[in-house]
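Please find below a note on the structure under review. The points proceed from the overall fold to a single element.

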Amino acid sequence: VVSYSNVINVYSKMGGVKAAKRAQALLDEMQKEDVKPNAFTFNSAITAWSRSGSKGSAKKAEGLLKKMEELYEAGNTDLQPSAQVYTSVISAWAKSNDPGSALRAEILLKLMWAMYKRGNKSVKPNVRTFTSVINAWGRSREKEAGERAEALLDQMTKLYGKDQVGNADVKPNVLSFTAAIHAYARSGARDAATKASGVLKKMEAVGVEPNLQTYNVLISLWGNSQQPYAGKKAEGILTKLEDEFQKGNKDMRPTVISYTSTINAWAKSTDYGKAERASAVLDRMKEMYTLGVIEERPNIFSYTSVINACATTYGEHGEKQDAFRIAYKAFKEISESEDLAPNHVTYSTFLRAISKLMPDGEKKDSVISAAFRLCVRDGQCDSNCLFHMKNAATPELVSDLLGCSDPSEAAALTIDELPYEWTRNVKGTLNRDKIK
């Protein structure tokens, strides 16, 4: 038994479907050879399926749990499923993409709690069990996922509040709270950012310190919220993160994700002066890198988000002029950098900025021409680049840039008709290389 169990345990730590199948095969072999597996053996096989990431793995894990239950009820007292076994099955459902997986995970949690209340102390759910179910709701992306996750969090807090000694093992930790915030982030609900911020307040109220991931998820959530003042909210969290780090909490070192998500929040906001605010965050990021506060310099996504903040600026001529100045400066820095390379999103966003922000004239034509020629030189022309170039340029300039003699022919040209060299570095672009 020991040899079989040890090998199955090794497979359980490897991950992948092959390891899970080998663990299952050994477990089946044990039973055929009349070698009785113990609880550790079953749990290792269940864990192997949980970590496999394969379709149907959760059902296989739960199938093994049911087998354990049957054998235990038949008199094999060594196979009484423990909280660890049930939690492993719940974890398998949490990682599953099967419809209804989050609900199935929560049903198992309720079953564990019911058995515990009936006197089976070995199956009492703990913080890991609850957090696995919260993760299941987060991965489900269902509309009510955030609310379901927060309800579980509230249940944990209530249980701990009733009996801090007896229920110390269900006290929610930073992983539990962050998982609930993740659930709101993935739900896509319009008010998700506001509700997730409420989770943060609950977290602080019970004395659980947020970590870097907590703050990064919240910043990103505000960035995608499309709510008023989202940029200010995201930047406020970033400032809090910086303050924590500068006070000596080294685990709170801001990352490129922290800053870029804040820039993105400004880009997606409707606030006046958002281009300037996005640019200021980029400048702050560069300064923090120079000072050694953060480990990574701004990347292409950071710069492209600033350009996007400019491209989506609406207002009077003066505001548009300022926004284009910022977009041009960011694009110029990218072009002159040895560490950055513009991608198709960078080019299409900059072409959109030209179209939206520059007044018609020779200067606009010159900037369009230069940007599009760089785009095709780098093989980064996708359908958005082509669209925004056509939208920004005069019919005559479009014809010239596309090598057509007839403006109507140039206007009708699609991405699939462009030379392969123009689109070669854009993933997923079909190309027939029709123009030579």
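1. The model is predicted: local features need pLDDT of at least 70, side-chain atom pairs count only at pLDDT 80 or more, and totals for chains, interfaces and linings use all residues. Residues are numbered from 1 along each chain as its sequence is written, and side-chain values use heavy atoms, with hydrogens and water left out.

2. The protein chain contains 22 helices and 0 strands (DSSP runs, H or I of at least four residues for helices, E of at least two for strands, numbered from the N terminus). Its radius of gyration is 28 Å, well over the 22 Å from the globule rule for 436 residues, so the chain is more spread out than a compact globule (C-alpha atoms; the rule is 2.2 Å times the number of residues to the power 0.38). The C-alpha trace spans about 90 × 50 × 40 Å along its principal axes.

3. Of the 436 residues, 51% count as buried (under 20% relative accessible area, 1.4 Å probe, protein chains only). Among contacts with a separation of 6 or more, 65% join residues 24 or more positions apart (heavy atoms within 4.5 Å).

4. Helix H13 covers residues 256–267.

5. In H13, 11 of the 12 residues are buried, so the helix is largely enclosed by the rest of the structure. Among these buried residues are Tyr259, Ile263 and Trp266. Their cover includes helices H11 (212–223), H12 (230–246), H14 (274–290) and H15 (300–311).

Key. Buried means under 20% relative accessible area, exposed over 50%, partly exposed in between (1.4 Å probe, protein chains only). The expected span of a helix is 1.5 Å times one less than its number of residues.
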